[in-house]
Amino acid sequence: MKTDTVNILYKELSEFLEIEEIKKLIEIPPNEEMGDFALPCFVLAKKLRKNPKLIAEDLVSKLSDNEYFTKVEAVSGYLNLFVNRKILTEKVLTESLKEGYGKGNEKSVTVVEYCSPNTNKPLHLGHLRNMAIGESVSRILQYAGHDVKKTCIFNDRGVHICKSMLSYRDFGKGSSPESENIKSDHFVGDYYVKFADRSKVDPDYEKKALQMLEEWEAGKKDVTELWEKMNNWAFRGFAETFELFGTEFDKEYYESKIFRKGKEIILDGLKRGIFKKREDGAVIADLEEFGLGEKVLLRSNGTSVYIVQDIFLAYLKYLDFNYDKSVYVVGNEQEYHFKVLKKILQINGNKYADGIEHLSYGMVELPEGKMKSREGTVVDADDLIKSTADLAAEEIIKRNPESEENEVKKRSLIIALAALKYQLLKTETTKNMMFNPKEAIRFEGDTGPYLLYGYARASSILRKTDIPLDARGWEANSDEIRLIKKISRFREVQKNTADRLMPSMTAAYAFELCQIFNRFFHECPVLRSENPGQRLALVAAFRNTMGTVLDLLGIEKLEEM
């Protein structure tokens, strides 16, 4: 609808405005009485040296006979445009009933790195927000036409990993996840908490963990064997959670395999004068002119700092995928790190540096407060999913007491994941958020279950009849036209979301679309209308669009609630 309007205006204004300028200028009036679109003519006034009121009146005379509009009017320097409802309904329904409605045609290769857990503890609520964002952004970009490659870097080495290892060696007594009947990554995490408890009474326990790290780096057999055993437990547990959450990766990287690499890149940059050596022998990147200070890359003893690993990984991912864009979904506490990473790669002449983008997100908290892994107060992802599913099951049974147990279990998990994902995505990515499971699971309001309910309601209507869909245009009433307009804006919303990497925009659109559909449902009888085929076509168009939006949010659909 907007595209057609812009194209019509461009034919009249191409001498003065580019088509992209018209797209940016055109507005949606605050109420329907002022039209479907409005063009402010004040920008044209400067170019034409003419009163904007007169420009709007001239455009009215040129467009009044265009069948695409039922009415064109000039009001205080604005051109108000009323789209022909018959043309609008037929065009929108015809397009939105097609598979792949709103798909883009971007051709770039985009890598999205997300999750990136440490292998000393299970995934927690913070990881769930990271995964929800990473998975949704990947789907949104893919729908926009990008060739998306999803990656994960496992932080499987370092002193934090050795803390769990040391604690298990000292107190594990040969036990295993199987012998204790505990999910394997939770079993590893329990020993990370036990390390923290032990270090409170043993001041030397931290030093022992550092010593174990040195032994690991030296390749001491019993230490590397323990490391491999406990990492495998962690990986096995992660895989179960990834599958439950609906996340998988095209390639997984491991810190243990790359942490020593990248040093060659730094030394080569030193030879070329890109980096500098200080008097103490440390190699640095001088980023003062960019407002980023001085960044040490190699310590005075020759060992590399963490960012060097990321410098190598950026290079390795480029070798693997030849990407145009590389997105890192990482918390906002790492914003400086990624500014430095991108700038170092740019001054080093790496052609892929400009494509690096940090998708920063805020922290997530519970009503009870912040989570602390070492104190054992962290909210594990698995436990949160289960407790939310239990709440969903209670709601299902309350509404349908005769529901079968297996069906309740299946639906409650889908509803719980919808509640979690939507709640984690609807808040603007850059902002901190509070997650309240009881609010998230509600079937009414701005929640994931509400979206599922709207989709299931549309599916139910379509199941009840074999009346053929009729996508021919008609003089739609206000509730019908409001839904048609919202469906027509999906393509624009999808493009803007992909451009800005902001799934909260898709979430907001989903909620508004569902609200408008529910009003239509209550105000406009479908099967009892004079032309049920037309309203069925509108229901089917909503269902198709809503189904796509749910997919983009990573939410599994339900045909029945």
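How many disulfides does a search of the whole structure find? The search finds 0. The legends below describe close-up views of this predicted model.

**View 1. Helix α1 spans residues 2–13.** The helix has 12 residues. From first C-alpha to last, α1 reaches 16 Å. That is close to the 16 Å expected at 1.5 Å a residue. Its buried residues are Asp4, Thr5, Val6, Ile8, Leu9 and Leu13. In an α-helix, residues three or four places apart point the same way, because each turn takes 3.6 residues.

View 2. A disulfide is a covalent bond between the sulfur atoms of two cysteines. The cut-off for a disulfide is 2.5 Å. Cys115 counts as buried because its relative accessibility is 5%.

**View 3. Cys41 is a buried cysteine.** Its relative accessibility is 0%, so Cys41 counts as buried.

**View 4. Met34 sits in a loop.** The loop lies between α2 (19–25) and β1 (37–40). Met34 has 33% relative accessibility, so this residue counts as partly exposed. Leaving aside neighbours within four places in sequence, Met34 is in contact with Pro29, Asn80 and Phe82.

**View 5. Met34 and Lys343 are separated by 48 Å.** This distance runs between their C-alpha atoms. Along the chain, Met34 and Lys343 are 309 residues apart.

Methods: Residues numbered from 1 in each chain as written. Predicted model: local features only at pLDDT ≥ 70, side-chain atom pairs only at ≥ 80, totals over all residues. Heavy atoms only, no water. Helix = DSSP H or I, 4+ residues; strand = E, 2+ residues; numbered from the N terminus. Expected span 1.5 Å × (residues − 1). Buried < 20%, exposed > 50% of the residue type's maximum accessible area, 1.4 Å probe, protein only. Contact = heavy atoms within 4.5 Å.
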